[in-house]
Amino acid sequence: MTTTDAGAKTAAWTEFKPTAVLVLADGTVIEGKGLGATGACEAEVCFNTALTGYEEILTDPSYAGQIVTFTFPHIGNVGTNKEDIEDLTPANRAGAVGAIFKADITAPSSYRAAEHLDDWLKARGVIALAGVDTRALTVLIREKGMPNGVIAHDPDGNFDIPALTKRAAAWHGLLDLDLAKDVTSGQSSVWTEKPWVWNEGFDQQAAPEFHVVAIDYGIKRNILRLIAGLGAKVTIVPATATAEDVLAYKPDGIFLSNGPGDPAATGKYAVPAIQELIKTDIPVFGICLGHQMLALALGGDTKKMHQGHHGANHPVRDDTTGKVEIVSMNHGFAVDADSLPDGVEETHVSLFDGSNCGLRVTGKSIFSVQHHPEASPGPQDSHYLFRRFANLIRARQGLELLPERDQAA
């Protein structure tokens with residue numbers, strides 16, 4: 001304690017010592033409070049504008065190699081649970097390597113919470129930084145693009161800033177980086193879990209009507225649930241599966257999943273397989289990375305985006321119906337619409353920047369979208385795309401078609 005001239009006791013001045021830092025390749029240093037795992041990790045820094053679903057975001061394999069800045073200020077107040085993870089194998093911890101929050105994590109206040117977010121981050125190996133002006137960081141990313149950086153957490157607050165800056169500047173970034181091989185399944189498996197129902201949990205698909213083979217470049221669980229929920233037996237195969245591997249399962253439909261990294265890098269081994277698969281008459285549906293690699297297989301090109309699209313509030317127009325939907329997005333690369341050859345039609349467009357968000361092949365049952373129509377926890381505007389895929393399969397088998405949208409939609 002210290003004493004004033006009047007003799008009154010006042011609290012001693014305490015200077016806050018940062019226990020975590022984000023160091024960007026250009027030398028920018030952002031200090032704050034460390035949470036989650038300790039250590040340091042280099043990655044690309046992006047921002048996500050979703051108001052909910054932080055657990056799903058952090059466990060989305062498409063975020064491998066990235067640090068997510070949450071623009072919504074209050075993250076962690078509903079805790080975490082085992083039902084909301086999105087990666088197939090939690091032990092592999094495929095997903096974001098770092099997280100940045102405006103406010104400190106509060107105690108969970110949801111009846112579904114099983115664990116405090118900070119404890120969950122520690123167990124998962126995710127380094128987090130709180131007490132940051134995320135608005136300023138978001139503006140920086142918008143103006144300069146997604147930077148390479150190092151996020152570091154040391155409870156004692158000891159950081160070698162010059163060394164971390166050098167480490168951030170030396171990191172190669174996501175361009176030309178194949179990350180699908182790091183997050184894909186190690187072997188084939190069968191998926192039967194259907195979508196979550198409140199107060200009931202997950203049911204199982206016990207009477208499938210058709211068979212879908214899903215190529216796993218970093219697939220999300222809710223994609224598999226929605227496909228299974230529409231009557232499919234789903235067989236998951238690794239990203240490196242050949243066309244012969246896929247066709248050996250005699251699929252009625254083929255799904256190309258989401259995933260992280262540069263599609264051109266993953267495409268070196270995936271595109272030849274996709275090119276063989278699209279020569280068949282089997283319906284094909286791709287999402288995110290699967291969309292980008294389908295475009296490459298058809299003769300198009302992809303490009304790195306300035307700031308990417310990350311959030312659950314992106315407007316997209318479906319030109320096949322004229323409807324506008326609010327969608328979830330997570331991508332730092334995009335299909336160059338001008339590169340699409342004759343016979344390939346652009347079907348969806350971002351109303352934020354006009355970038356390509358979907359395509360289909362004229363006269364064939366082949367289509368894909370850039371956004372995440374399975375978005376868990378939401379929005380659900382694009383769930384109809386799974387019914388569109390199922391109907392392509394059902395039509396070939398003479399089964400009754402499903403309405404693409406509910407009557408209210």
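**View 1. Strand β3 is covered on both faces.** On one side of β3 sit Ala20, Leu22 and Leu24, and on the other Val21 and Val23, every one of them buried. That makes five buried residues out of five for this strand, which spans residues 20–24. Keep in mind that this is a predicted model.

**View 2. β3 pairs with β4 in a hairpin.** Strand β4 covers residues 29–36 and runs antiparallel to β3, with four bridges joining the two. Look for alanine 20: its bridge partner in β4 is glycine 32. Four residues lie between the strands of this hairpin, and here glycine 27 takes a positive phi near 100°.

**View 3. β3 also pairs with β9.** Here five bridges do the joining, and the strands again run antiparallel, with β9 made of residues 148–153. Valine 21 has alanine 152 as its bridge partner in β9.

**View 4. A stretch annotated in UniProt spans residues 18–152.** The unreviewed entry labels it "domain: Carbamoyl-phosphate synthase small subunit N-terminal".

**View 5. A nonpolar patch lies on the surface.** Tyr111, Trp196 and Trp198 make it up, and together they have about 420 Å² of accessible area. Tryptophan 198 belongs to the loop between β11 (193–197) and β12 (201–204). With a relative accessible area of 56%, tryptophan 198 counts as exposed.

**View 6. Histidine 348 is tucked away in a strand.** You'll find histidine 348 in β19, residues 344–350. A polar contact of 2.8 Å links its side chain to that of threonine 347.

Technical notes. Residues are numbered from 1 along each chain as its sequence is written. This is a predicted model: local features need pLDDT of at least 70, side-chain atom pairs count only at pLDDT 80 or more; totals for chains, interfaces and linings use all residues. Side-chain values use heavy atoms; hydrogens and water are left out. Patches are made of residues with over 30% relative accessible area and no salt bridge: like charges are joined within 9 Å, nonpolar side chains (Val, Leu, Ile, Met, Phe, Trp, Tyr) within 5 Å. Accessible areas come from the Shrake-Rupley method with a 1.4 Å probe; for residues, only the protein chains shown count as cover. A salt bridge is a side-chain nitrogen of Lys or Arg within 4 Å of a carboxyl oxygen of Asp or Glu. Buried means under 20% relative accessible area, exposed over 50%, partly exposed in between (1.4 Å probe, protein chains only). A polar contact is a pair of N or O atoms within 3.5 Å; within protein, one must be able to donate a hydrogen and the other to accept it, and residues adjacent in sequence count only if both atoms are side-chain atoms. UniProt positions are given in the numbering used here, feature names are shortened, and annotations may be inferred rather than shown by experiment. Two strands pair if DSSP finds at least two bridges between them.
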